[in-house]
Amino acid sequence: VVPGKGIAHVRVLALTAALLLVALVIHLALWRIRRPKYHVKALLKIFFAVALVGVTIAWLKLFLPPAALLHVFVCFVSATLAYIIVYTALEVDSPTLVMILLLEKAGEDGVSRSEILALLNDDIIVKPRVRDLVRDHMLVPEKDGYRETAKGRRFIMPLNFYYRLITKRGGAA
Amino acid sequence: MLKLFQAVLPVSALAVDVLVQLLSFNAFRRVSVLRSVILGCAAGIIYLLAAEWELARLLDRPARETISYFIVDLGAFGCLTFCYFAYLGLVESARRTTIMRQVHAAGGFITEKELLRRCSAERLVVPRLERLARKGQAREVNGRYRLGAGRTVLTISKLITMAKLIVLGKRSEFDP
């Protein structure tokens with residue numbers, strides 16, 4: 001294979017897969033030793049450090065052309081973002097997931113609405129998420145309630161804008 | 001220049017996906033959010049296919065190489081479109097977003113009592129339960145809910161539980 005020519009597409013795929021595997025192994029090994037406080041931040045640091053080192057090595061040792069390196073980076077970042085989304089879904093218990101597993105466990109006896117609500121109460125469904133928002137500095141506890149921070153505002157405003165886009169057709173409700 | 005375009009092809013396909021999703025949802029009353037997401041995704045794949053075809057012609061690339069590039073780019077586009085789908089979920093129904101939206105709507109401050117009234121577990125759980133019943137994943141008989149004929153959500157739930165065990169070493173966020 002002539003360096004920088006020929007089977008670049010195979011090398012793009014192989015290098016992306018290898019980098020993802022390395023990042024995943026490092027992440028799982030670190031999580032076995034000690035889980036960091038800010039999971040997503042830690043994951044981003046691990047994955048981007050691996051990408052940076054991997055792409056630099058590929059550039060210096062494998063003589064991949066800049067376009068191929070950019071291609072690897074785009075593929076790697078796409079997969080990393082998708083993994084982080086899956087990871088955040090694993091971190092917290094989804095009410096739908098808990099409910100469906102509860103229905104499976106109950107079998108033919110079934111579960112009443114009040115039994116479901118007794119299990120999935122405010123302490124399980126709402127308060128942990130409020131604590132997450134306080135931990136992430138989006139809300140601050142104040143007197144008998146919560147105040148939105150500047151970071152919280154920056155988080156919710158684009159989401160609100162997009163919410164209007166996908167809930168109001170052509171601007172009309 | 002063409003090779004650089006090849007590198008960012010999945011990102012441009014995502015732009016097509018988002019544009020078609022928003023346009024189809026806002027232009028056609030009969031198109032639901034989910035259908036608009038599917039339409040956007042299909043448009044992204046068609047764009048990707050057309051762009052690969054054109055690049056193969058311009059770069060005089062053999063068919064096998066074009067197929068390989070298409071598979072690589074389709075994988076990256078799949079990841080990006082999944083991210084967009086998750087973003088829509090975050091916008092529409094995620095609990096953190098719902099809580100933040102209520103605090104914001106209340107003028108930036110809300111008492112805990114009022115927050116728990118507006119975002120009570122009941123308000124968050126009941127619509128999800130009703131949706132499961134509507135989609136055939138659960139059925140209600142004499143006021144008691146059982147598993148429905150559909151098993152998609154159950155299978156996904158089991159896969160997620162398995163992934164939780166592998167990645168986090170526990171089944172639930174409340175496990176020690």
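Predicted model: local features only at pLDDT ≥ 70, side-chain atom pairs only at ≥ 80, totals over all residues.
Three strands form an open sheet in the order E2(A)-E3(A)-E1(B), and the pairing is antiparallel.

Now the pairing within chain A. E2(A) pairs with strand E3 of chain A, residues 145-148, in the antiparallel sense, and there are four bridges. To give one position, A:Leu139 has A:Glu148 in E3(A) as its bridge partner.

Next, the helices. Helix H7 of chain A, residues 127-135, lies across E2 and E3 of chain A and runs at about 105 degrees to E2(A). Helix H5 of chain B, residues 95-105, lies across E2 and E3 of chain A together with E1 of chain B. The angle between H5 of chain B and E3(A) is about 85 degrees.

Staying with H5 of chain B, please look at B:Arg96, which is found in that helix. B:Arg96 is partly exposed, with a relative accessible area of 22%; the cut-off for buried is under 20%, so this residue falls outside that class. What does B:Arg96 touch, leaving aside its neighbours within four places in sequence? The contacts are A:Arg129, A:Asp132, A:Leu133, A:Arg135, A:Asp136 and A:Met138. As for distance within chain B, B:Arg96 and B:Thr66 are 30 residues apart in sequence, and their C-alpha atoms are 43 Å apart in space.

Moving along chain B, B:Thr81 is found in helix H4, residues 63-92. Is B:Thr81 buried or exposed? With 14% relative accessibility, B:Thr81 counts as buried. Beyond its neighbours within four places in sequence, B:Thr81 is in contact with B:Leu14, B:Asp17 and B:Cys41.

Last, the surface of chain A. A nonpolar patch is formed there by A:Val22, A:Ile26, A:Leu30 and A:Ile33, and together these residues have about 360 Å² of accessible area. One of them, A:Ile26, lies in helix H1 of chain A, residues 8-33. At 36% relative accessibility, A:Ile26 counts as partly exposed.

To return to the sheet: its order is E2(A)-E3(A)-E1(B), with H5 of chain B lying across E2 and E3 of chain A as well as E1 of chain B. That is where I'll stop.

Note on methods: Residues numbered from 1 in each chain as written. Chains lettered and ligands numbered in written order. Heavy atoms only, no water. Pairing = 2+ DSSP bridges. Helix = DSSP H or I, 4+ residues; strand = E, 2+ residues; numbered from the N terminus. Contact = heavy atoms within 4.5 Å. Axes fitted to C-alpha atoms, helices over the stretch in contact; angles between N-to-C directions. Buried < 20%, exposed > 50% of the residue type's maximum accessible area, 1.4 Å probe, protein only. Patch = residues over 30% accessible without salt bridge, like charges linked within 9 Å, V, L, I, M, F, W, Y side chains within 5 Å. Areas by Shrake-Rupley, 256 points an atom, 1.4 Å probe, with all protein chains shown as cover. Salt bridge = Lys/Arg side-chain N within 4 Å of Asp/Glu carboxyl O.
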